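Please look over the sequence and the structure before reading on.

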Amino acid sequence: MQEWGRFEDGSSMRVAGTYFDELVNTGDGRWRFTHRRFVAHSADTEPVPGTVFPVGR
């Protein structure tokens, strides 16, 4: 997973990592998450380039 973000105060962050998920079959054809672990591989606070589009609230 790679995520870039810019906050309302103008600061930025980037993080990359891997999710390790455990799932269980509920028996009715559906799968459910039972556990999720995230391991970060890198992170920084360099400014994120580009235009930020507003998100509805």
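How many helices and how many strands does the secondary structure of the protein hold? The secondary structure comprises zero helices and three strands, where helices (H or I, at least four residues) and strands (E, at least two) are DSSP runs, numbered from the N terminus. Along the sequence, the pattern reads β-β-β. The radius of gyration, taken over C-alpha atoms, is 17 Å, well over the 10 Å that the globule rule gives for 57 residues, so the protein is more spread out than a compact globule. That rule is 2.2 Å times the number of residues to the power 0.38.

This is a predicted model, in which local features need pLDDT of at least 70 and side-chain atom pairs count only at pLDDT 80 or more, while totals for chains, interfaces and linings use all residues. Residues are numbered from 1 along each chain as its sequence is written, and side-chain values use heavy atoms, with hydrogens and water left out.

**Extent and surface**

Taken along the principal axes, the box filled by the C-alpha atoms is roughly 45 × 30 × 15 Å. Of the 57 residues, 11% count as buried (buried means under 20% relative accessible area, exposed over 50%, partly exposed in between, with a 1.4 Å probe and protein chains only). Among contacts (heavy atoms within 4.5 Å) between residues at least 6 apart in sequence, 37% join residues at least 24 apart.

**Salt bridges**

The structure holds three salt bridges, each defined as a side-chain nitrogen of Lys or Arg within 4 Å of a carboxyl oxygen of Asp or Glu.

| Pair | Closest N and O distance |
|---|---|
| Asp44 and Arg14 | 3.3 Å |
| Asp21 and Arg36 | 2.7 Å |
| Arg30 and Asp28 | 3.0 Å |

Asp44 forms its salt bridge with Arg14; Asp44 lies in strand E3 (residues 31-44) and Arg14 in strand E2 (residues 12-25), so the pair ties together parts that are 30 residues apart in sequence. Asp44 is partly exposed at 31% relative accessible area, and Arg14 is partly exposed at 22%.

Asp21 forms a salt bridge with Arg36. Asp21 belongs to strand E2 and Arg36 to strand E3, so this pair ties together parts 15 residues apart in sequence. Asp21 is partly exposed at 31%, as is Arg36 at 46%.

In the salt bridge between Arg30 and Asp28, Arg30 is partly exposed at 44% and Asp28 is partly exposed at 46%.
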